[in-house]
Amino acid sequence: MSNVTPISASISHAQPDTVAAGGNLLLASLSTADLALLVPHLTPVSFAVGDFITRAGDPIDSLCFFEQGIAGILDSLEDDRRYAVGLIGAEGFIGWPLLLGDGRSPYDVTMRAEHGRALRIPADALLSAIAASPTLHRTLLRFVHIFMLQMSRTIVSSLAHPIERRMARWILLYHDRVQSDEICMTHEEFRLMLGVRRSSITDALHRLEEEQAIRGLRAKVVVRCRDKLLQLAGDTYGHPEQEYRRLIADGHAVDNGR
């Protein structure tokens with residue numbers, strides 16, 4: 001699995017005219033014409049760690065294309081226990097249920113791990129843009145498809161794999177979307193992702209340290225060897241990332257509709 005290209009390195013062909021769109025990789029993949037439909041409506045916003053970007057049931061009146069940071073997608077049970085079902089960073093955007101016909105958010109979305117920056121666009125402006133451009137609509141829907149693949153792999157991993165493999169996968173997903181090898185990941189963060197007791201989290205962290213994949217610090221994880229994490233995660237990581245490259249990062253694939 002060491003040949004898997006992380007999402008953060010998937011797009012290397014961004015053109016000078018995409019600078020106005022900031023550091024979002026999905027925006028950087030768009031044609032000049034499609035990007036021009038969005039840029040006049042994009043407004044920079046920022047979020048602190050722990051901020052709620054949207055709550056379940058809120059109307060989707062705007063969408064955010066992230067430039068930095070991790071948006072954690074959380075689902076809740078009746079007793080208000082929350083669990084992470086997916087992550088979105090600079091490879092995509094939040095508010096995607098609007099493209100599927102739902103005007104309300106089905107999930108809580110919070111800022112995780114580090115300060116976040118995004119480009120916000122009003123919902124009506126985005127809907128007008130996709131109505132004017134089938135290629136823009138298709139690219140955004142392709143991202144939604146890839147995010148669904150990430151969520152499905154999370155489900156399969158939770159059902160089929162031991163905690164240390166699941167943990168290695170989540171650390172890789174964070175590592176793809178943060179700015180360094182040092183990641184703010186507390187036991188509470190791992191509880192959201194793994195749904196297990198604190199003692200089980202501690203044991204799994206120790207096993208990853210024994211493999212010299214990570215170093216655990218107070219409220220932080222330092223990635224020591226990404227290849228080790230890839231080996232530990234195995235087939236729990238990689239497929240959505242490869243599909244992102246095939247469907248979005250390779251511009252000719254988008255143009256030819258493959």
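Modeller: Happy to; I will begin with the helix pair and then turn to a few other spots. Please keep in mind that this is a predicted model. Helix 5 covers residues 163-177 and helix 7 covers residues 198-210; their axes come within 9 Å and cross at roughly 75°. Angles of 65 to 115 degrees count as roughly perpendicular, so helix 5 is roughly perpendicular to helix 7. On the helix 5 side, the contact is made by I163, E164, M167, A168 and I171. Helix 7 brings S200, I201, A204, L205, R207 and L208 to it. Sorted by class, this contact has 8 nonpolar, 1 polar and 2 charged residues.

Another helix to look at is helix 9, residues 239-249, where P240, E241, E243, Y244, L247, I248 and A249 are buried. Viewed down the axis of helix 9, these buried residues fall within an arc of 165°, so they line one face of the helix.

Among the strands, strand 3 (residues 62-76) holds I73. I73 is buried, at 2% relative accessibility. Leaving aside residues up to four places away in sequence, I73 touches several others, including Y83, V85, L87, I94, Y107 and F147. I73 and T110 are 37 residues apart in sequence, yet their C-alpha atoms are 6.9 Å apart in space.

As for cysteines, C184 is partly exposed at 37% relative accessibility, and C225 is partly exposed at 26%. The structure holds 0 disulfides.

Technical notes:
Residues numbered from 1 in each chain as written. Predicted model: local features only at pLDDT ≥ 70, side-chain atom pairs only at ≥ 80, totals over all residues. Heavy atoms only, no water. Axes fitted to C-alpha atoms, helices over the stretch in contact; angles between N-to-C directions. Helix = DSSP H or I, 4+ residues; strand = E, 2+ residues; numbered from the N terminus. Parallel < 35°, antiparallel > 145°, perpendicular 65-115°, else oblique. Contact = heavy atoms within 4.5 Å. Nonpolar A, V, L, I, M, F, W, Y, C, P; charged D, E, K, R; others polar. Disulfide = S-S within 2.5 Å. Buried < 20%, exposed > 50% of the residue type's maximum accessible area, 1.4 Å probe, protein only. Arc of directions from axis to C-beta.
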